[in-house]
Amino acid sequence: MAGDFKVTPWEVTGDIDYDLLAERFGTTAIDEKTLSRMKKYGELHMMLRRNIFYSHRDLNVIFDEYEKGNKFVLYTGRGPSGHTHLGHIMPWMFNKWMQDVFGVEMHFQLTDDEKFLFKQDATLQETKRMAYENALDFIALGFDPKLTKIILDTENIKTMYPIALKVAKKINLSTAKAVFGFDNTTNIGSIFYTSMQSVPAFLPSELAGHNVPVLIPCGIDQDPHFRACRDVAQGLGYLKPCQIYCKMFPGLSGSDKMSSSDPFSTIYTTDNAKEVKKKVGKAFTGGCVSVDEQREKGGNPEVCAIFKYNYYLFENDDEKLNELTIKCRSGKILCGECKVALTEKINKFLEEHQAKREKAKDVIHDMTFEGFRW
Ligand code: TRP
């Protein structure tokens, strides 16, 4: 049924209507006017041209401040529940582009506390280990080591806790229930958690001793946290953090979101070439049942996971993407060929990424907030 989908920070189900979702959350579309403003700063990122980063809160405030010479800080994060997959690095790549274009600081929060609290069988040891693994992937994308800080909640808690407390005091249980869907079975740590995710939105101001604008580029599923965060900001004397949101990275099985609960539809940054080949080989496509039929009727790129991977990450060139669309629709290219081409692209990317990931081990300790050691 249309509109029958669910997006929360913990659960994404159904066929997402992204415009309707933005409307439900109350976020603003990134329109032509905003895009042409962004063009002034640098050539538009592919994820902006393609409406993948598609919605925002107060983006213009960030640019107004920037133009006044008031640099903002970028903030994004990751709940370390397991290895990093392509769906995670998609918004991180956009963050890296933003850092390059604006030359600003980047703060990356790893919420080992969150995943411990929300995942039944998680241990703190395991979420901390995964935080380290995830941080390697983040660093591998090329963030400026001088401008980038990695926050780990359980390690940086001494600095974070006073801010988290101020936030927690302003959010009552009925708001938490309404925004996050908590009920009487929810553990009390989970109820407190959103105040931890608010901390990096206010931390730059605390560190600087004056208000610093913060922009959060991330998946739109995180909006409930930042709605709560924005609601308390001014009462605490802070600026409201601003957001720029992307759609969820699709799964290989044709679902709307790549998810670790379905390992076959998920490509991890640690996968080897054989695994990638196997997973892409099994992917859901928009092809017909027989070659003859497809030559005659053509395929449907709109529903095809392989096409979506090109669209979201692996085909930067708009013209080439367009050619692919035409070839697919007219039956000139078959799913097998597309799968081979995509496998090659992913494996090339992963080979390079994995090498950078190894090198990240040398610098990771220089990039931790307040110099904590893993
Ligand atoms: N809650 C996020 C997750 O489960 C992790 C996170 C913390 C985050 N701070 C963030 C994500 C800021 C995006 C932006 O992955």
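From which domains does the lining of the second largest pocket draw at least three residues each?

1. The lining of the second largest pocket takes at least three residues from each of domain 1 (6–247) and domain 2 (263–357), with domain bounds coming from an automatic or database domain assignment.

2. This is a predicted model, in which local features need pLDDT of at least 70, side-chain atom pairs count only at pLDDT 80 or more, and totals for chains, interfaces and linings use all residues. Residues are numbered from 1 along each chain as its sequence is written, and side-chain values use heavy atoms, without hydrogens and water.

3. The second largest pocket holds about 540 Å³ of space. A pocket is an open set of points on a 1 Å grid over the protein atoms alone, where a 1.4 Å probe fits, with protein on both sides within 12 Å along at least five of seven lines; lining residues have an atom within 4 Å of a point. Its volume is the space filled by probe spheres set on the points, which are joined across faces, edges and corners. Of its 20 lining residues, Met93, Leu313, Phe314, Asn316 and Phe349 are the closest to the centre.

4. In the second largest pocket, α16 (335–363) gives the largest share of the lining, 6 residues. Helices are DSSP runs (H or I, at least four residues) and strands likewise (E, at least two), numbered from the N terminus.

5. The largest pocket contains about 1,000 Å³ of space. Among its 45 lining residues, Pro9, Arg78, His88, Asp221 and Lys257 lie closest to its centre. The largest share of this lining, 5 residues, comes from α5.
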